[in-house]
Amino acid sequence: MAPYIHSPLCNPRSIRVIHLEDADEETAPLQCKLVEVSLDSQPVYKALSYSWDAQIPSHPIECGGDTLYITANCVSALQKIRKIESRPVIWIDSICIDQKSEKERDQQVALMGDIYKQASDVIVWLGKEDESSRKALQCIEDIALMPISEERRARALKIVMGIDIKKESDDPIGPLFTRSWFSRMWTIQEATLPPGERVWILCGEVRLPWQYLTIAVGMLNASQYRWGTWRSAMQLQTHLSDLVREMKERESGSSVERPSLVKILEFARGKAATNPRDKVFALFGILQELNIASPSPAYGKPLGRIYAETTVACINNDESLKILYYVPSDNRHLELPSWAVDWSDRGWEKDDSRSLVTEKPFCASGSSTPGWCFREDALHLVLRGKIVDLVEYLGQPLRVGVHDHSAITPDLIWSSFRMEPRSQWSLQDTIQDMDSAFKILKSWVDLASRAGSEWVSDVRQTALRATLLEGHSSDQDENSDDMVSSFLAWCEMMKTFNPKLAQGEEAIRPGTVPQSFTAVTSGLGSKYHYKVMRTCSKKSFIVTRNSIFGIAPDMVKVDDSIALVAGLGMPVILRPAGQDTYRLICQAYVYGIMDGEAWKESGCDIIDIVLT
């Protein structure tokens with residue numbers, strides 16, 4: 001048979017649907033034909049939501065007498081649907097859209113919101129069943145139906161309360177949420193746009209209403225069920241469903257806050273997409289439903305342009321510049337404007353100390369309101385602000401948990417030397433990590449002492465103590481008597497200890513314990529030391545031209561500028577890019593200016609800061 005060639009669609013509102021032929025055996029070859037219909041004619045069809053799983057379309061099916069190739073997961077879904085229903089009419093993106101036509105993909109992706117909303121049913125295909133999926137779906141059914149059955153209630157309560165669950169492998173629900181459907185971008189709006197009663201879960205032979213899953217997730221959330229990845233797997237779907245419901249309430253006259261586009265896209269950063277453009281386009285339908293403007297699907301457009309336009313949409317929709325806090329990441333595409341978020345990069349995880357985890361409402365730019373505009377085809381962002389200082393000295397970045405078998409993890413906070421050893425942890429690796437961190441922090445203290453006279457005065461010590469904790473701590477106790485005492489002991493320990501800092505220094509010999517390890521695991525200064533390790537991991541200590549202390553993520557460099565931006569609570573690090581323009585690098589904590597001390601709105605030094 002010849003390869004199947006899609007005929008061009010007749011009008012912009014047309015789609016193709018699959019008419020699937022019956023077969024005697026479930027595994028019999030698939031036969032179908034594609035029929036063009038107009039969405040305006042209210043066609044009756046089901047829509048399939050499934051994950052491509054990065055599979056190559058290599059399985060042949062017969063389509064209109066010719067051969068069309070689809071993925072293995074799509075074959076499994078169609079065979080199961082064909083077994084359940086005779087001669088079904090289905091819409092599936094990989095088959096119904098001519099994937100070779102960029103123009104058609106643009107047009108059809110823009111229609112996908114309507115396609116899923118108008119489907120008579122949406123089938124969420126989670127893949128072939130196994131024992132773990134059967135058990136998980138049975139648990140979900142029990143939780144959803146617990147009000148109508150004493151037997152189900154007894155089983156469900158044991159689950160949601162975590163009774164008999166002592167470790168991850170005991171979790172009966174967790175394996176379901178590790179299935180790839182829950183990690184993909186495209187599946188988000190496919191299950192969110194249609195009314196919940198039209199969505200069905202299909203996993204092998206097991207079929208459940210989607211509403212059972214949402215009820216179960218609500219119960220798990222209410223009981224603070226701590227096992228598995230269900231929360232992150234369902235976070236965005238739950239959030240979007242809530243927004244759609246709130247939008248309908250707003251239409252009925254209720255006052256509802258405008259949805260944040262930044263929050264939606266930030267939730268989506270952990271989802272996977274084969275084409276990085278789909279990190280934006282896969283949400284187009286649901287964003288339309290929420291009346292949020294976003295870039296229209298255009299697969300021929302450069303990625304940098306798409307992400308820049310999306311960042312512009314975030315700023316305009318949220319009427320805020322806080323999205324700039326999400327810009328820094330480790331694997332950014334080089335072609336992006338420095339102020340545009342790389343939505344294809346997961347960014348810094350919540351346990352990464354460089355992420356914006358401040359618990360204090362900093363207001364470095366006072367009570368100013370944000371102001372912005374865009375120049376030169378929206379590739380330059382112009383902000384109101386002022387350059388207040390310059391990075392003059394820079395400490396070595398602090399690395400925590402570098403060695404493979406160290407028991408130290410970057411998110412670990414100790415009040416004393418207690419660790420939960422990871423499997424195959426090594427005392428030697430742990431000692432080396434502790435010693436390395438100690439030496440770096442010692443070098444920071446030395447840098448602070450060289451930055452200006454009288455650094456050991458009460459004022460300078462207060463500045464150093466607050467800076468290394470970025471003005472806050474997880475316990476909100478940086479000013480408590482215990483923390484002050486711990487800091488003073490830590491300073492004394494650092495001043496009296498003089499480790500060799502030469503790069504050629506030999507590694508610590510097995511069986512030996514360095515003085516640094518003993519000092520920080522037994523002394524009064526250990527409490528402060530551990531908090532600094534947590535707060536400053538992957539960050540550098542900076543001293544400005546004005547002899548001010550600060551802490552910034554490890555991408556900062558000497559001669560970077562420190563700026564305050566109207567409407568932003570934290571200072572930002574900028575790098576000159578030539579012709580009076582800058583590149584945005586990251587945010588920073590700079591002692592003494594976090595509460596608006598350096599911001600004077602009426603001053604003549606408020607300028608336009610142009611980011612490229």
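In which sense, parallel or antiparallel, do β13 and strand β17 (residues 589–590) pair, and over how many bridges? In this predicted model, the two strands pair in the antiparallel sense, and two bridges connect them. Within this pairing, Gly550 stands opposite Val590 of β17.

**Strand β13 and its partners**

Strand β13 covers residues 549–553. On its other pairing, β13 is joined to strand β12 (residues 539–544) by five bridges, and these two strands also run antiparallel. Phe541 has Ile551 of β13 as its bridge partner. β12 and β13 form a hairpin with four residues between the strands, and in this hairpin Ser547 adopts a positive phi near 60 degrees. The two pairings of β13 are set out below.

Why is β13 described as largely enclosed by the rest of the structure? Five of the five residues of this strand are buried, so the rest of the structure largely encloses it. Burial here refers to a relative accessible area under 20%.

**The chain as a whole**

The protein chain contains 18 helices and 18 strands. Of its 612 residues, 52% count as buried. Among contacts in the chain with a separation of 6 or more, 72% are made by residues 24 or more positions apart. The accessible surface comes to about 27800 Å², and carbon and sulfur atoms account for 50% of this area.

**The largest pocket**

The largest pocket has a volume of about 1300 Å³. It is lined by 40 residues, of which Glu266, Phe267, Tyr326, Trp348 and Lys350 are the closest to its centre. The elements that contribute two or more residues to the lining are α9 (230–251), α10 (261–268) and α13 (303–318). By residue class, the lining of this pocket divides into 16 nonpolar, 12 polar and 12 charged residues.

Met1 belongs to the segment before β1 (14–20). Is Met1 buried or exposed? Met1 has a relative accessibility of 66% and therefore counts as exposed, the cut-off for that class being over 50%. Leaving aside residues up to four places away in sequence, Met1 touches Glu62, Gly65, Asp66 and Thr67. Met1 and Cys63 are 62 residues apart along the chain, and their C-alpha atoms are separated by 9.9 Å.

Key:
Residues are numbered from 1 along each chain as its sequence is written. This is a predicted model: local features need pLDDT of at least 70, side-chain atom pairs count only at pLDDT 80 or more; totals for chains, interfaces and linings use all residues. Side-chain values use heavy atoms; hydrogens and water are left out. On a 1 Å grid over the protein atoms alone, a cavity is a set of points where a 1.4 Å probe fits but cannot get out, and a pocket is an open set with protein on both sides within 12 Å along at least five of seven lines; lining residues have an atom within 4 Å of a point. Grid points are joined across faces, edges and corners, and a volume is the space filled by probe spheres set on the points. Ala, Val, Leu, Ile, Met, Phe, Trp, Tyr, Cys and Pro count as nonpolar, Asp, Glu, Lys and Arg as charged, and the others, Gly among them, as polar. Buried means under 20% relative accessible area, exposed over 50%, partly exposed in between (1.4 Å probe, protein chains only). Two strands pair if DSSP finds at least two bridges between them. Contact means heavy atoms within 4.5 Å. Accessible areas come from the Shrake-Rupley method with a 1.4 Å probe; for residues, only the protein chains shown count as cover.
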